[in-house]
Every structure is written in structure tokens, then in C-alpha cells.
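Please look over the sequence and the model shown here before reading on. The paragraphs that follow go from a single question about packing to the overall fold and then to some local details.

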Amino acid sequence: MSTPLTLGTARGDDGRVVLTAVGEIDLSNTDVFNQALSTATAEAEPARLIGDFSAVEYLDSSAINALYNLADHIHLIVN
């Protein structure tokens with residue numbers, strides 16, 4: 001059984017937008033993930049979005065593709 005995905009967006013102490021993901025990102029929730037990623041990236045402009053994925057247990061290829069497509073606009077924190 002997969003771990004449900006939880007997404008949250010907040011501003012860090014420096015004012016930068018942080019998208020936090022917890023759980024698993026796979027084909028079952030990739031649409032929600034893509035939407036959250038796109039929205040947070042646009043909100044962060046012109047700065048880079050900080051993606052805190054340190055609590056993500058699994059990423060499938062659809063999630064990797066979504067991150068790759070926005071790679072120039074994201075700073076990832078991973079486990």
C-alpha cells in the first residue's frame with residue numbers, strides 16, 4: 001500500500017516559496033503534484049522555488065519528468 005501524498009506551500013523566513021511534499025508521488029497522484037508544482041513555481045517567480053522532498057518515500061518517472069521540466073526554476077531538498 002502506498003503512502004498518501006501530502007503537499008503544502010509556505011514562505012520561508014527569507015520570503016522564498018517552499019513546496020513541501022510528504023509520501024509517495026506516482027501515477028495515481030501525478031496530476032495533483034503537477035498542479036501544485038506549477039502553481040508554486042509561478043508564485044515563486046522570479047526566485048527559484050524550494051522543493052522540500054526530504055519526506056518523499058518514492059518518486060516514479062512521471063514525477064521525475066515533472067521536476068525535470070521545471071529544473072531551472074527549482075532548488076530541491078531531498079533525503
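Predicted model: local features only at pLDDT ≥ 70, side-chain atom pairs only at ≥ 80, totals over all residues.

What covers the buried residues of helix 2? The cover includes strand 2, helix 1, strand 3 and strand 4 (74–78), where contact means heavy atoms within 4.5 Å, and where helices (H or I, at least four residues) and strands (E, at least two) are DSSP runs numbered from the N terminus. The buried residues of helix 2 are S62, A63, A66 and L67, buried meaning under 20% relative accessible area, exposed over 50%, and partly exposed in between (1.4 Å probe, protein chains only). Because these residues span an arc of only 135° around the axis, they lie on the same side of helix 2, the arc being that of the directions from the helix axis to the C-beta atoms. The face turned away from that buried side carries the exposed residues S61, Y68 and N69.

Residues are numbered from 1 along each chain as its sequence is written, and side-chain values use heavy atoms, with hydrogens and water left out.

The chain contains two helices and four strands, and from the N terminus on its elements follow the order β-β-α-β-α-β. Its radius of gyration, taken over C-alpha atoms, is 12 Å, close to the 12 Å that the globule rule (2.2 Å times the number of residues to the power 0.38) gives for 79 residues, so the chain is as compact as a globular protein of that length. Buried residues make up 35% of the 79 residues, and, among contacts between residues at least 6 apart in sequence, 65% join residues at least 24 apart.

Within this fold, the largest nonpolar core has 17 residues, and those with the most contacts inside it are I25, F33, L37 and L49; such a core is a set of buried Ala, Val, Leu, Ile, Met, Phe, Trp, Tyr and Cys residues joined through side-chain atoms within 4.5 Å. Strand 2, helix 1 (30–44), strand 3 (49–59) and helix 2 (61–69) each supply at least two residues of this core, and the largest share, five residues, comes from helix 1.

Two leucines illustrate the packing. Not counting residues up to four places away in sequence, L37 touches L19, L49, A66, L67, L70 and I74. With the same exclusion of residues up to four places away, L67 touches F33, L37, F53, L59, I74 and L76. L67 lies in helix 2 and counts as buried because its relative accessibility is 9%. L67 and S38 are 29 residues apart in sequence and 9.9 Å apart in space, C-alpha to C-alpha.

A cis peptide bond with omega of about 5° joins E45 and P46, and P46 lies in the loop between helix 1 and strand 3.
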